[in-house]
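Have the sequence to hand and follow along.

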Amino acid sequence: MNRTRLAQSLTAAAAVCCLTSILAAPTGASPPSFDTPPGANNWGCNPTPAHPYPVVLVHGTSANAAVNWIVLSPMLAHAGYCVFAFNYGETEHSRGVFYGLDDIATSAHTMAEFVDTVLAATGAAEVDVVGHSQGGMMPHYYIKRLGGAAKVHTLVGLAPSNHGTTTDLQTRTHEILRPLGLEEELSGLAVGPAFSQQQAGSPFQTALFADGDTAPGLRYAVITTRHDQIMTPYTNSYLRGADVTNILIQDQCPDDPVGHSGLFADNPTLQNVLNILGPGEPDFQPTCTDYGPGPILDQATR
């Protein structure tokens, strides 16, 4: 099965598999690049006084930058931000489509190099970071263990795997792949160390947060959904510490059906991200009449 066909076959399953989703390549198209989403990685972009911090987008487990940020990246670029995204955690099982599988500490080193490149290119002193799932948790290692606290202004996590999940990620992966006839071909996909490191109570999780959830001087925000079936319980995503905002999307939009994977394309969620990165409005309330494609991406879980 070639790379394009692989991406097409996994569209429905990968929307929930291994903490996030990938999208299909167009029928008959050449194998797509999964490195850069629309609007990102304009290395000539100059931050403005209105948006002084470049935004670095960090994808989730078994995802890639281009698909995970296909909605938010152009939205931020249109709003005037300098936007950057990268792939991390490549293993022999990545197959040019799936990333975020490798040891999380190793992935954090990849992030450190990328952030340094962004800061050098833009002349900015700090970046804002938005991450989905593992992409919202892995930056804590960069911030707390690799000197990233001096280079990050705000960290926003969308259903981040902070404090781990009680869902067996490997079992869930195979449950999704088996009906599609892809389990044998992709049997190696769920063996990356990032899966076990994201389980609740894992040695990695225990060590990462042993000295507290946050680092001084940063702003933190976490956005979760009550319908999360991957990051369980969803409250494990929440952080405790100074300058932390924890948001349950159903507190704002009670009827929003979005789950874990679709959160990165859920309109109320993305409105929150724009508000957090922008000037901030204490009474901000997202529009709850159009949820966008996010809930559709979660249908395979039900």
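Among contacts between residues at least 6 apart in sequence, what percentage join residues at least 24 apart? For this protein it's 78%. Keep in mind that we're looking at a predicted model. The protein has 302 residues, and buried ones make up 59% of them. As for secondary structure, there are 12 helices and 6 strands.

**The sheet**

Let's start with the strands. They form an open sheet of 6, in the order S2-S1-S3-S4-S5-S6, and the pairing is parallel. At the edges sit S2 (83–86) and S6 (244–248), each of which pairs on one side only. Going from one strand to the next, the twist averages 15 degrees. Zoom in on S3 (residues 127–132) and S4 (residues 152–158): these two run parallel and are joined by 6 bridges. Within that pair, Val-130 has Val-156 of S4 standing opposite.

Helix H6 packs on this sheet, where it touches S1 (55–58), S3, S4 and S5 (219–224). The direction of H6 makes about 150 degrees with that of S4.

**Helix H6**

So what does H6 look like by itself? With 12 residues, H6 reaches 17 Å from its first C-alpha to its last, close to the 16 Å expected at 1.5 Å a residue. Is H6 mostly covered or mostly uncovered? Mostly covered, with 10 of its 12 residues buried. Among them are Gly-135, Gly-136, His-140 and Lys-144. After the helix comes Gly-147, which has a positive phi, near 80 degrees.

**H5 against H6**

H6 also meets another helix. The axes of H5 (residues 104–122) and H6 (residues 134–145) come within 8 Å, crossing at roughly 80 degrees. Since angles of 65 to 115 degrees count as roughly perpendicular, that is the label for H5 relative to H6. H5 brings Ile-104, Ala-105, Ser-107, Ala-108, Met-111, Ala-112 and Val-115 to the contact, while H6 brings Gln-134, Met-137, Met-138, Pro-139, Tyr-141 and Tyr-142. By type, the contact residues divide into 11 nonpolar, 2 polar and no charged.

An α-helix has 3.6 residues a turn, so residues three or four places apart point the same way.

| Residue | Relative accessible area |
|---|---|
| Phe-204 | 13% |
| His-163 | 18% |

Both values fall under 20%, so Phe-204 and His-163 count as buried.

Phe-204 lies in helix H9 (residues 203–208). Which residues does Phe-204 contact, leaving aside its neighbours within four places in sequence? They are Ile-104, Ala-105, Met-137, Tyr-141 and Gln-197. Ile-104 and Ala-105 belong to the H5 side of the helix contact, and Met-137 and Tyr-141 to the H6 side. Phe-204 and Ala-194 are 10 residues apart along the chain, and their C-alpha atoms are separated by 9.6 Å.

His-163, in turn, is found in the loop between S4 and helix H7 (169–177). Not counting residues up to four places away in sequence, His-163 touches Ala-200, Gln-205, Phe-209, Asp-213, Asn-236, Tyr-238, Leu-239 and Arg-240.

Note on methods. Residues are numbered from 1 along each chain as its sequence is written. This is a predicted model: local features need pLDDT of at least 70, side-chain atom pairs count only at pLDDT 80 or more; totals for chains, interfaces and linings use all residues. Side-chain values use heavy atoms; hydrogens and water are left out. Axes are lines fitted to C-alpha atoms, for helices over the stretch in contact, and angles run from 0 to 180 degrees between N-to-C directions. Helices (H or I, at least four residues) and strands (E, at least two) are DSSP runs, numbered from the N terminus. Angles under 35 degrees count as roughly parallel, over 145 as roughly antiparallel, 65 to 115 as roughly perpendicular and the rest as oblique. Contact means heavy atoms within 4.5 Å. Ala, Val, Leu, Ile, Met, Phe, Trp, Tyr, Cys and Pro count as nonpolar, Asp, Glu, Lys and Arg as charged, and the others, Gly among them, as polar. Buried means under 20% relative accessible area, exposed over 50%, partly exposed in between (1.4 Å probe, protein chains only). The expected span of a helix is 1.5 Å times one less than its number of residues. Two strands pair if DSSP finds at least two bridges between them.
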